[in-house]
Amino acid sequence: MFRRRRTASLIPNYILLGGLAIFSVIPIVLLVLNSLKTTVEIQENPFGLPTAARLSNYVDAWVQGQFSTTISNTLFLTSGTIFLVVVVGGLAAFALARFRFSGANALSFYLLVGTSVPALLFIVPLYFMWAQLDLINSLPGLIIVYAALYSPFATYLLRSFLVSIPMDFEEAARIDGANDLQVLTRVILPLAWPGFLTVVLVVGLGVWNEFLFANTFLQDPALKPISTSLLAFQTRYQRDWGLTSAASVMMILPVLLLFLSLQRQFIEGLARGGLKG
Amino acid sequence: MAVTPVSGLRRPAQPRRRRFPWRPWLFLAPLLLLNLVVIVTPSLLSIRYAFTDWTGIGAAQYVGLANFQEMFGDRVFYRAIGNNVRWTVLFLIAPVLMGLLGAYLLSTIRRGQMLFRTLYFIPYVIASVVNAYIWKLILNPVFGIGPWLAERGIPWLDIRFFGRSDTSLYAVAFVDNWHFWGFLVVLYLAAMHAVDAELYEAARIEGANPWHEFWHVTLPGIRPTLVFTLLMIMIWSFLVFDYIYLLTNGGPAQSSEVLGTLTYSTAFYSLRVGYATAIALTMTFFSALFISMFVVLRRLGWEV
């Protein structure tokens, strides 16, 4: 589909592309290598292979970093947010795609502006509002915040998927006596699932990696998600580069596996989600 | 021509719906409620607090424009704005050039295109906490890349990158760019794929070299995407927070302070909520300015 050139003339291009790939990936490879070394070994040999793979780093990091707690906190935050966002965004997208009503354009514009409001503008008053409502140090409290942050994105994305579904299917269901909710769950959902999958992946990734709100709204160590516990872990064992590296690998491994297996959905979704990150 | 209504035909669904104008709003209600509680209300409160001396506890005292007067007389505030401007300029150049280069090179090859694209994108999906940690290790002043190279006879990189006030901001920007530029490759490559192949044929027939092709066919072809990314970078550069907070927290001696970190530390460490919201409002003003540029360009018919 593109220009065709002889392979030989492409060698410099491949060399440059390879150089860029090394730049992107080597730091991550180093992280994995260092996760298998002791801190002393890292300090003596930060860029080489480990003398012996010290897998016990992972066990130690798991125990000392209380990963069983932080992972379940993160999983709860992620799944709770995904659920809320899919429901809230799905309903809103359905309304925008299927009803003609006055105010629809204004609403779309408002959502666009609403998503561009900087987090640091509202995080301060929100924190004190949440403190009054007893929602600080509460995972559901943070899920509500995340859901509000991600639902406009989900609404936009899902609307574009819903618009592309022909009305015929829906009308056929209506003739059979289906109500709005039945149309949504029986007709729309099965057809628009790629859109929902993209939303699940993008929102899941966002919450898994989220730092600013988690760091601000959760201070109780028992409620810390992985992202902020990694930071606490770093200061508590300031010199322990080996354990922190192992903990980091444990945090990114699920993300990398999921990304590599579903990269088309990830890339498409993130490309539409703007540049936050 | 008169249309005679035909009785007995089923009426279309549309008029029936009009009897329930509130129905779409029922579906929209959860979204609007969430938005109202989490974003709109606190944002409006911010505007109010900016004119008070509120500390987060107790009653807020109205102080008029005192916060803004203090802000415009504060050297740290100007330092932060200056750093946001530096950040904007850096990010309008480095990742855009790297993104264009990567995407252009990828567009010339077929074998391995997907693989390279994936590799470039990986740092973008990794948490900022981890990325920051990776580079804290690599750039460590005691055993990182600097001392390592110095031992091998290359002394000029033996710098405390995050610990010196003349390098801290650039070191953080380097790390942020490392995680970000691959994202631009993906956007630019998608745009390049959409450029009409016949334009390249035509350029080839006229004897264009690859540089001419890039300059006269590729760049104009991806202009909407390019302008979009440049605007997004401008908006986002005034909101930058994560990487600076994680790597230097604005230091040393506030040399890498930006409006985001300044707002955060003023609110949550100094507990000067009123003053912090005044800074946050200024931040919002800049991003609103860039967003309106976006809207204006669209109105002018640029396909941004």
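## Conventions and overall fold

Helices (H or I, at least four residues) and strands (E, at least two) are DSSP runs, numbered from the N terminus. On that basis chain A has 13 helices and zero strands, and its pattern along the sequence reads α-α-α-α-α-α-α-α-α-α-α-α-α. This is a predicted model, in which local features need pLDDT of at least 70, side-chain atom pairs count only at pLDDT 80 or more, and totals for chains, interfaces and linings use all residues. Residues are numbered from 1 along each chain as its sequence is written, while chains are lettered from A and ligands numbered from 1 in the order in which they are written.

The C-alpha trace of chain A spans about 70 × 65 × 35 Å along its principal axes. Of its 277 residues, 44% count as buried (20 or more other C-beta atoms within 10 Å of the residue's own; exposed means 12 or fewer, partly exposed in between, with C-beta atoms placed from the backbone). Among the contacts in chain A with a separation of 6 or more, 77% join residues 24 or more positions apart; two residues are in contact if their C-beta atoms, placed from the backbone, lie within 7 Å.

## Contact between the chains

Chain A puts 72 residues into the contact and chain B puts in 70. On the side of chain A that touches chain B, helix 1 (residues 11-34) of chain A gives the most, with 13 residues. That side of chain A divides into 51 nonpolar, 17 polar and four charged residues. Here Ala, Val, Leu, Ile, Met, Phe, Trp, Tyr, Cys and Pro count as nonpolar, Asp, Glu, Lys and Arg as charged, and the others, Gly among them, as polar.

One helix pair across the two chains is helix 12 (residues 241-261) of chain A and helix 6 (residues 128-138) of chain B, whose axes come within 10 Å and cross at roughly 150°. Axes are lines fitted to C-alpha atoms, for helices over the stretch in contact, and angles run from 0 to 180 degrees between N-to-C directions. The crossing is left-handed, that is, the near helix is turned anticlockwise from the far one by less than a right angle. From helix 12 of chain A, A:Trp241, A:Thr244, A:Ser248, A:Met251 and A:Ile252 meet B:Val130, B:Tyr133 and B:Leu137 of helix 6 of chain B. The residues of this helix contact divide into six nonpolar, two polar and no charged.

## Nonpolar core

A nonpolar core is a set of buried Ala, Val, Leu, Ile, Met, Phe, Trp, Tyr and Cys residues joined through C-beta atoms within 7 Å. The largest one has 163 residues, and A:Val85, A:Val199, B:Tyr188 and B:Ile279 have the most contacts inside it. Helix 8 (residues 168-193) of chain B supplies the largest share of this core, 17 residues. Beyond its neighbours within four places in sequence, B:Ile279 is in contact with B:Met71, B:Phe77, B:Leu259, B:Leu262, B:Thr263 and B:Thr266.

## Local backbone features

The loop between helix 12 (242-247) and helix 13 (259-268) of chain B contains B:Pro252, which a cis peptide bond joins to B:Gly251, with omega about -10°. B:Asn249 is found in the loop between helix 12 and helix 13 of chain B; its phi is near 50°, a positive value in a residue other than glycine.

In chain A, A:Gln66 also has phi near 50° and lies in the loop between helix 3 (56-64) and helix 4 (67-98). A:Gln66 counts as partly exposed because it has 17 C-beta neighbours inside 10 Å.
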